Every structure is written in structure tokens, then in C-alpha cells.
Amino acid sequence: MNATKNSKKRDAVRAFIMNSSTHPTADEIYSHVKTEFPKVSLGTVYRNLNQLEEAGEIKRLSFTDGPDHYDRDTSIHYHYICRKCGRIYDMPSGVKEAIVNAVKSGAPGTVESHDLVFYGVCSECLKKPEIKDKV
Ligand SMILES: [Zn+2]
Ligand SMILES: [Zn+2]
């Protein structure tokens, strides 16, 4: 085991997540890291993802039926999932502030955690014409 090589792979995994705003899956991260390290295995990518998650550098999102997604933003924020393309977007922080303020004044006690996901069709998909022969 070569420690330097391993940390370089972890750097590549981290960099890809940090540069992505759409919460990539392990498969997407794997195919990217593979371009830099052709011999890397999916297992190695998962191991690095777990290490980064344990270190609190990234957050794992598992609220879809599909594979887990990885988030560069570990603070509480809300997500928007497009039901057409499956992309996960971050909701603007103003939405959170408004909801948190409303909850603070109405909750019967302290609120320690919460999570919110919105579903819809993203503007990218709304721009695309409907493909008739595809369900
Ligand atoms: Zn979409
Ligand atoms: Zn996010």
C-alpha cells in the first residue's frame, strides 16, 4: 500500500465533489477519478468517500430511491430534486431562513434537527421539449 498514492486518490475524490454543485453519486465520482487513476476500483472510491464523510468534509445524502449522493456542503440546507433528470439542487439559503424563523416562533420547544426536500421539474428539463416516444 502506497500512502501517497492513496491520499492522491482521496484528493481527487474530494476535489470532484467540491467542484460539483449537483451532488454526484459514487459512480459519477468513480468515472471521473478513473480518468486520473485508471486502475482505481469502485471499492477504493467508496472507502475514500467513507473516510471523507467520517472526517466531516462531505455529507452523504440518501433520500432518493437510487444511489447515495455526496454533498460538499455539510451545513443544514434544503434540497430540490428534479423528478425528470434526478439532479439534486441546493435550495437558496433564504428559503431556509424563512422556514427556520417561522418554526422557531411556532415550535413548542427546541428544534434539534430537520431536513427538507422539494420535488419538481427543474428549469433545464422544462426547457426540453417532451419526447413523445419515451415514457
Ligand atoms: Zn431536471
Ligand atoms: Zn446540498
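Helices are DSSP runs of H or I with at least four residues, strands are DSSP runs of E with at least two, and both are numbered from the N terminus. The model shown in every view is predicted.

**View 1. H23, in the loop between α1 and α2.**
H23 is not a glycine, yet its phi is positive, at about 55°. Is H23 buried or exposed? There are 24 other C-beta atoms within 10 Å of H23, and 20 or more make a residue buried, so H23 is buried.

**View 2. The crossing of α2 with α3.**
Helix α2 covers residues 26–36 and helix α3 covers residues 42–54. Their axes come within 10 Å and cross at roughly 115°. Angles of 65 to 115 degrees count as roughly perpendicular, so α2 is roughly perpendicular to α3. The crossing of α2 past α3 is right-handed. Which residues meet here? From α2 come A26, I29, Y30 and V33; from α3 come L42, V45, Y46 and L49. By class, the contact has 8 nonpolar residues, no polar and no charged.

**View 3. V45 and its contacts.**
V45 is one of the α3 residues that meet α2. Leaving out residues up to four places away in sequence, V45 touches V13, A26, I29, Y30, V33 and V40. Among them, A26, I29, Y30 and V33 belong to the α2 side of the contact with α3.

In soluble globular proteins, nonpolar side chains tend to be buried together.

**View 4. I58, in the loop between α3 and β1.**
Strand β1 spans 59–61. I58 has 23 C-beta neighbours inside 10 Å, and therefore counts as buried. Residues up to four places away in sequence aside, I58 touches I17, L52, E53, Y70, D71, R72 and T74. R14 lies 44 residues from I58 in sequence, with 8.2 Å from C-alpha to C-alpha.

**View 5. G66, in the loop between β1 and β2.**
Strand β2 spans 69–71. Is G66 buried or exposed? G66 has 9 C-beta neighbours inside 10 Å, and 12 or fewer make a residue exposed, so G66 counts as exposed. G86 is 20 residues away from G66 in sequence. In space, their C-alpha atoms are 9.1 Å apart.

**View 6. G106, in helix α4.**
Helix α4 runs over residues 93–106. Within 10 Å of G106 there are 8 other C-beta atoms, so G106 is exposed. K9 is 97 residues from G106 along the chain. Their C-alpha atoms are separated by 47 Å.

**View 7. V111, in the loop between α4 and β5.**
Strand β5 covers 117–120. V111 counts as exposed because it has 11 C-beta neighbours inside 10 Å.

Terms used:
Residues numbered from 1 in each chain as written. Chains lettered and ligands numbered in written order. Predicted model: local features only at pLDDT ≥ 70, side-chain atom pairs only at ≥ 80, totals over all residues. Axes fitted to C-alpha atoms, helices over the stretch in contact; angles between N-to-C directions. Parallel < 35°, antiparallel > 145°, perpendicular 65-115°, else oblique. Left-handed = near helix turned anticlockwise from the far one by under 90°. Contact = placed C-beta atoms within 7 Å. Nonpolar A, V, L, I, M, F, W, Y, C, P; charged D, E, K, R; others polar.
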